[in-house]
Structures are given as C-alpha cells and as structure tokens.
Amino acid sequence: MAGTLASIWKRYRSVGLIYRIAVAFVIGSAAGVVFGERMVVVQPLGDLFLRLLNMLVVPIIVFTLLTGIRQLSPARLGRIGGATVALYAVTTTVAGVIGLGVANVLQPGRGVEFVAGEAESQAPPSLTEVVLGIVPNNPVTAMADGNLLGTVFFAIVFGIALTYVRANKPEYAESVDSLFEAFEVGAEAMFVVVRGVLEYGVIGVFALMAAGIGTEGVGVFSSLGELVLAVGLAVLIHIAVTYLGLLMTVVSDVSPLAFLRGSKDAMVTAFATRSSSGTLPVTMTNAEEDLRIDERVYSFALPVGATANMDGAAIRQAITVVFAANVVGQPLALTEQALVLIVAVLISIGTAGVPGAGIVMLTVVLTQVGLPLTVVGFVAGVDPILGRIATMNNVTGDLAVATVVGKWNDAIDFTTGVWADGTAAVGDAAPADD
C-alpha cells in the first residue's frame with residue numbers, strides 16, 4: 001500500500017506544478033458553477049493558501065533585499081534602482097495610453113442600461129501622505145502591519161548602512177559579513193518554504209475558484225462582458241507590445257516566449273489571488289529559478305514592483321472610466337481622457353496597498369471628470385475578474401522590468417533556466433534538477 005501511494009505521489013510530482021495549478025483552476029471553476037454556494041465550504045482551504053503566501057511576503061522582502069544590497073555598491077544600487085523606477089513609470093504610462101486606445105475603439109458601455117448601485121467613496125491619500133507614508137514611524141510595526149512600502153524603505157536604508165559600516169569601519173567588517181550571510185541563509189530557507197506552499201497551492205487555487213464562483217456566480221465572467229473584454233484585450237496588447245517588445249529590443253538574442261514560460265507560475269498565482277504582494281514569493285522563485293535573474297537585481301526590482309508598479313490598474317481605470325461615461329451618457333473629450341491618464345498614473349502608488357484599491361482609484365478618477373460615483377456600484381459586479389486580470393498584468397510587468405534591468409547590468413544567466421531550452425517546462429516541482 002505504501003509503495004503504491006509513493007508511486008502515485010511520484011507520478012503526480014512529475015507533472016509540472018503550473019499544469020497542476022491550471023487543472024485545479026479549471027476544476028475549481030467548474031465546481032463553483034455546478035454546486036454554487038455550497039462550495040463556500042472549501043473557502044477556508046483557499047484562505048489558508050492566501051495566509052501562507054502573505055506569511056512569506058515580509059520576511060522574503062527583508063532577507064532578499066538585504067542579501068541583494070550586500071552585492072551592490074552605492075553607485076550600482078543607484079543605477080539599478082534608477083533604471084527600475086524609470087521603467088515602471090514608463091510602462092505604467094504606456095499601459096494607460098493603451099487602455100484609453102482600446103476603450104475608444106471598442107466603446108464599452110454604449111447601449112448598457114445603467115442600474116444605480118451603492119458606492120462607497122474613500123478619500124485618496126494626498127501626495128504628501130504618499131511620500132510620508134513611505135517612511136514608517138516604527139519599522140517593526142510596518143512589518144507587522146504589512147506596510148510593504150515602509151518595509152522596503154527600511155530594509156534598503158538598513159542594508160546601505162551596513163555596507164557603509166563594512167567599508168568604513170574595518171573592525172566591524174567581519175561581523176557585517178556574518179550578518180549578511182545570515183540574511184542569505186534566511187532567504188534560501190524562505191524559498192524552501194515557498195516551494196512547499198506552492199505544492200499546497202494546487203488545493204488552494206481549487207478552493208479559491210470554487211468558493212469565489214460559487215458565491216458570486218458565473219455572472220462574474222459574463223455580466224458587463226464588454227468591460228471585461230476590453231480590459232482583457234488591453235492587457236494582452238500591453239503584454240505583447242510593451243513587455244515582449246521591450247524584451248525583444250533589449251534581449252534580442254533569446255525568444256521572448258521563453259520569458260512567458262518562465263513567468264507562468266507567477267501569472268497564474270496572481271490571477272488566482274488578486275494580490276501582487278501575495279504573489280511576490282512565487283514571482284521571486286520564477287525570477288531566480290526560471291528566468292535566472294541575479295539576486296542583486298530581482299531582490300530590489302520585484303518588491304518595489306509589487307508595491308508600486310500598477311500597469312494593470314492604469315489599464316483598468318482608463319477603460320472603466322470610459323465605460324462609466326458611456327453608461328451615463330456623458331462621453332469624455334480627449335482632454336478629459338488625458339486627465340484620466342494623468343490621475344490614474346499619479347495615484348496608483350498611493351492606493352496600491354489599500355484594500356479594494358481598484359474601487360478607491362475609480363472613485364477618485366470619476367470625481368476628477370465629473371461622473372457620478374454611483375457608477376462604482378454598477379462596476380463592482382465585475383470587480384473581482386477585473387482585479388484578477390490587472391494583477392496578472394502587474395506581476396508580468398514586474399518580471400519584465402527585472403529581466404530588462406538584469407540584461408542591462410549583465411545580471412542574467414542566459415545559459416540555463418528557460419533561456420537554455422525552449423522546450424523546458426516551467427514550474428516543475430523538482431528544483432534540485434536545475
């Protein structure tokens with residue numbers, strides 16, 4: 001009996017993890033449609049998966065950032081950091097432009113009957129609050145509360161301070177190196193935990209989809225279909241044109257499809273969880289094991305991207321506002337659409353860590369162009385699927401930017417991982433073979 005179970009387990013593990021998760025996604029969705037609200041009984045299994053992922057976020061950010069900073073001089077940190085932030089700003093702006101372009105072509109919402117719903121408007125953070133919010137009053141409290149921007153800020157400052165002590169106070173150099181080695185061991189240990197959590201992710205994704213669709217109904221995929229279609233199309237264009245186009249320009253000697261193979265785990269997890277920060281452990285695993293990006297690059301680019309890169313949100317807001325304008329019969333002029341783009345890009349960082357950030361951003365943008373906030377209640381019916389699509393886009397963008405910055409800094413090993421073998425399966429459950 002034990003031998004049979006061991007054989008079954010071995011055959012199960014021989015299937016790539018991404019394919020097991022994809023099957024769980026489909027079966028969970030089908031179960032939600034067939035059994036409806038009765039599938040809410042499996043919700044705790046999905047909640048456990050989200051808790052496990054969230055449990056890993058802060059320690060992975062701290063350990064990997066500090067490990068990466070160890071390998072960087074202040075000058076190189078400036079180059080990597082500057083290139084990363086600049087690329088995020090550019091891709092987010094391009095995403096908003098693509099969103100507006102698709103919305104103007106498809107004109108979602110025309111002919112849709114508006115049914116007012118309740119909307120909860122929240123005041124967005126001001127620019128001053130956003131800037132001050134990056135600096136935590138208490139770093140320990142920031143970590144405990146999941147304040148990722150504050151955690152990233154403190155980890156970077158602390159890491160730079162350690163490198164300064166090592167360079168300028170020789171009597172402490174050995175101790176600082178020992179501390180950095182401890183952080184590196186911690187990072188490796190966390191990646192071991194990530195692999196275990198991903199194995200459980202097959203069950204977690206099944207439960208999330210079954211309970212979510214069972215509760216919300218299949219209508220989450222079909223109601224307001226024009227809006228969902230427009231956002232999905234814009235995301236596909238953004239990934240194909242912006243991300244893959246950038247990769248083909250910068251990393252011209254490899255296939256951009258290899259990048260997609262190396263990002264599949266993170267993309268599927270992001271779609272299932274609707275959380276860039278919750279997906280961060282998986283994103284970092286893809287960067288290290290599949291895309292072979294050096295830790296000194298991805299340990300900075302990915303945490304920053306998870307908290308500040310909102311390409312998907314820019315697309316989503318641009319299209320949703322045009323949709324809302326069409327629904328209420330107040331089409332937007334080009335100048336108003338330009339205002340939508342500017343506001344969506346500027347407030348994306350400030351609302352990134354707010355629960356229901358998409359709805360918060362939408363109330364802000366609607367206010368800027370004089371549209372009724374009651375539209376938010378109408379759009380809320382498809383908010384779950386829009387959030388999934390946008391989050392998948394954000395995570396893909398994080399990895400694309402990390403790959404480009406890695407190429408610019410000679411920090412990718414193109415002889416291994418997905419780059420070496422165009423037919424290699426990504427997300428296999430046996431990382432020891434890498």
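How many helices and strands does the secondary structure of the protein come to? The answer is 19 helices and zero strands; helices are DSSP runs of H or I with at least four residues, strands are runs of E with at least two, and both are numbered from the N terminus. The model is predicted: local features need pLDDT of at least 70, side-chain atom pairs count only at pLDDT 80 or more, and totals for chains, interfaces and linings use all residues. Residues are numbered from 1 along each chain as its sequence is written, and side-chain values use heavy atoms, with hydrogens and water left out.

**View 1. The whole protein.** Of the 434 residues, 53% count as buried, where buried is under 20% relative accessible area, exposed is over 50%, and partly exposed is in between (1.4 Å probe, protein chains only). The accessible surface comes to about 18500 Å², and carbon and sulfur atoms hold 65% of that area. Such areas come from the Shrake-Rupley method with a 1.4 Å probe, and for residues only the protein chains shown count as cover. Among contacts (heavy atoms within 4.5 Å) with a separation of 6 or more, 84% join residues 24 or more positions apart.

**View 2. Helix H12 and its bend.** Helix H12 covers residues 276–290 and bends by about 35 degrees at Val282. The bend is the angle between axes fitted to the seven residues ending at a residue and the seven starting there. Of the 15 residues in H12, 15 are buried. Thr283 belongs to this helix and has a relative accessibility of 3%, so Thr283 counts as buried. Leaving aside neighbours within four places in sequence, Thr283 is in contact with Ala266, Leu302, Val395 and Leu399. Arg292, which follows H12, has a positive phi near 60 degrees.

**View 3. A nonpolar surface patch.** Val105, Leu106, Leu229, Leu233, Ile237 and Val241 make a nonpolar patch of about 530 Å². Patch residues have over 30% relative accessible area and no salt bridge; like charges are joined within 9 Å, and nonpolar side chains (Val, Leu, Ile, Met, Phe, Trp, Tyr) within 5 Å. A salt bridge is a side-chain nitrogen of Lys or Arg within 4 Å of a carboxyl oxygen of Asp or Glu. Helix H4 (74–106) and helix H10 (225–250) each supply at least two of the patch residues, and H10 gives the most, with four. Ile237 is found in H10.

**View 4. Aromatic pairs.** The count comes to five aromatic pairs. Rings of Phe, Tyr and Trp (its six-membered ring) pair if their centres lie within 6.5 Å; planes under 30 degrees apart are stacked, over 60 edge-to-face, and the rest tilted. Phe49 and Tyr200 form a tilted pair, 6.4 Å centre to centre with 55 degrees between the planes. Phe49 lies in helix H3 (residues 43–70) and Tyr200 in helix H8 (residues 170–216), so the pair ties together parts 151 residues apart in sequence. Both Phe49 and Tyr200 are buried. Phe414 and Trp419 have ring centres 5.2 Å apart and planes at 70 degrees, so this pair is edge-to-face. Trp419 is buried, at 10% relative accessible area. Phe63, Phe180 and Phe183 form one aromatic cluster.

**View 5. Gln107 and its surroundings.** Gln107 is found in the loop between H4 and helix H5 (127–134). Gln107 counts as buried, at 17% relative accessibility. Not counting residues up to four places away in sequence, Gln107 touches Val102, Glu226, Val322 and Asn326.
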